[in-house]
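Hello,

Here is the structure I promised to hand over. Please look at it first, then read my notes below.

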Amino acid sequence: MKQLPFYLTIVLGLILFSCKKEEKTIKQQPNVILILIDDQGYGDISALGNTFINTPNIDALHGVSARFTDYHVSPTCAPTRAALLTGRHNNRIGVWHTVNGRSLILEREITMAQIFKENGYATSMFGKWHLGDNYPFRPEDKGFEEVLTHGGGGMGQTMDYWDNDYFDDMYLHNGQLKRYEGYSADVWFDEAIKWIGSKEDKPFFCYIPSNTAHSNYNVEDKYYKDLEGNEDIPHAPFLGMIRNIDENLGKLVSYLKENNKLDNTILLFTTDNGTAQGAKTEGHRLDGYIKKGYNAGMRGVKASKYEGGHRVPLFIHWKDGNIAMGKDINELTAHYDILPTLIDLCDLNVDSKIKFDGESMVPLINGDNTSFKDRIVITNSQRVENPEPWRRTSLMQGSWRLVDSTELYNLKTDPEQRHNIADQYPEKVEAYKEAYKKWWKDISPSYKDQPYIIIGHEKENPSTLYGHDWHTDREASPWHQRHIRTGYIDNGHWLVRVAEEGKYSLKLRRWPIETGLALNAKAPIRPALPGTSVSKSKASKVLNIQEAKISIQDIELTKSVNPNEEYVEFNIDLKKGETQLQTWFTLDTKEVLGAYYVTVEKL
């Protein structure tokens, strides 16, 4: 073999050395595991004062972490997830609701997973997404390479596989339905551990957003039977779910320790809103004072504009990064601070065009609170199609809270927010109103930006559209989506973008395709699961559908219905571009509802 010239040997050697150095640097970057628990509040942890249950593994993590004691999220789940994953206020990125098409993250937004992936990380998620079930909003469209998830914002909602009940369910693995044995939270953590074990060649980012402890509160009896009968406990199965979460956290930490992965892993534990069932209020269902259970002395629960609705736990642990001592950090922080913090800790490269609303909490961890002293954080719970100024809003600065522009509280002297002192501090109220006005002016231009589901695209064809994502003019409850399956009368339209001109098939259904049920069918009642106290499913109604209608672009078509068929099909020619799609089923009673499921396929 002919020898290379000396200078080429030197050049190649330098290139190989550089590659090996870069490879070594990438491998030494910290791994990241972000755990987001659904509906668990600040007070649902024994280390934070709850005496009704023990959470030994969460407590152990609390003991060796930076603990953010004044950390705030949105009052409900999808908005929190949007802000957490983008570092931007959820209102700015189109997610201020959990239904009505306003749980869909805007297509333009860049997520944490995309940033980690661009920086050489392997990325994955296991659990609840709730930021869109169609292209271009799915986790696989937003930077996650490995995805295991269920549909919608909770099991039993329209997007979820029919009759999923937390046990031995059908989940989407990288876009394909697959049945998994075991309890849902166990599956998320077990599959995450398997995936982590396969990543030896590069750093990883693993997102575990458990669907528990969200309703329907299905969990094995062994986790809560000893709590039943205690009159001070509002909901024993809810606390049982948290015990299961604690067990899974312990399993994950043990695995990381045994496989020498814990020390160089940034482990974050947090939740998405205030407690759902750990405390009960008197008076207002969401905003009242706690009369039963425990919520760390705060007013309100999940979805409340008061402290108990949006102040939640956040623990960060990283031994190799010297974040391994129990330390309380009391400055005001928020969900959109997490991504800038991870960018800082992991030294990630980020497109300078991305403008974060949050900022790195690393200075706080290191004892410097300079940039956090006077900051203002604003949370709100809009739950309408078009946001309204001051709607269920809390403006926070230090210990001060201005609620709905008219109520002022100082948490130092009034942690339960019982005494409105707005009339004692008119200048402070006016200053906060001016700060809010400036914030609203900055953020409100994005309200005109619409989330369009893309149909006829190679990445998702066919697409199934769900009533969950209807845009409507009324204020919707997230719980109404479960009633769709039992005969809820409602309608709305989808915002869609036709990817390519051509002929399309639209199949209108009342029931999801996997049921095989006819349009006029009554769904069977499912018996309780063996070995649990899971209640039977609700009976559905027979809906005698007589006529079907669609409207899209400049097309309106009507057909008579054979109620014994599973669907009504329309074949139409569509042009490329943005439009609205609406459907109607007319009943024999002349009542009208929309098709809860529409399968759209470019032929």
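Two strands are said to pair if DSSP finds at least two bridges between them. Keep that in mind for the hairpin and the sheet below. Note also that this is a predicted model.

**The hairpin**

Start with β10, residues 279–282, and β11, residues 289–293. These strands pair in the antiparallel sense, over four bridges. E282 stands opposite Y289 in β11. Six residues lie between β10 and β11, and the two strands form a hairpin. Look at G283 in the turn: its phi is positive, at about 80 degrees.

**The four-stranded sheet**

Next comes an open sheet of four strands. Its order is β15-β16-β17-β18, and the pairing is antiparallel. Which strands are at the edge? They are β15 (377–380) and β18 (407–410), and each pairs on one side only. On average, neighbouring strands of this sheet are turned by 20 degrees against each other, direction ignored.

Zoom in on β17, residues 400–403. Four bridges join β17 to β18, and the two run antiparallel. Here L402 stands opposite L408 in β18.

A helix packs on this sheet: α10, residues 426–443. Helix α10 touches β15, β16 (393–397), β17 and β18. The direction of α10 makes about 70 degrees with that of β17.

**The largest pocket**

How much space lies in the largest pocket? About 780 Å³. The pocket is lined by 37 residues. Closest to its centre are L172, G175, L177, T464 and Y466. Several strands give two or more residues to the lining: β5 (146–149), β6 (170–173), β7 (176–179), β20 (463–466) and β28 (597–602).

What is the lining made of? It divides into 14 nonpolar, 15 polar and eight charged residues.

**S103**

Last, one residue to look up. S103 is found in the loop between α3 (77–86) and α4 (112–118). Is S103 buried or exposed? Its relative accessibility is 2%. Buried means under 20%, so S103 counts as buried.

Which residues does S103 touch, leaving aside its neighbours within four places in sequence? Its contacts include A78, V95, H97 and T98. H130, L131 and G132 are also in contact with S103.

Send me your questions once you have had a look.

Best wishes

Terms used
Residues numbered from 1 in each chain as written. Predicted model: local features only at pLDDT ≥ 70, side-chain atom pairs only at ≥ 80, totals over all residues. Heavy atoms only, no water. 1 Å grid on protein atoms, 1.4 Å probe; cavity = no way out; pocket = protein on both sides within 12 Å on 5 of 7 lines; lining within 4 Å. Points joined across faces, edges and corners; volume = space filled by probe spheres on them. Nonpolar A, V, L, I, M, F, W, Y, C, P; charged D, E, K, R; others polar. Buried < 20%, exposed > 50% of the residue type's maximum accessible area, 1.4 Å probe, protein only. Contact = heavy atoms within 4.5 Å. Axes fitted to C-alpha atoms, helices over the stretch in contact; angles between N-to-C directions.
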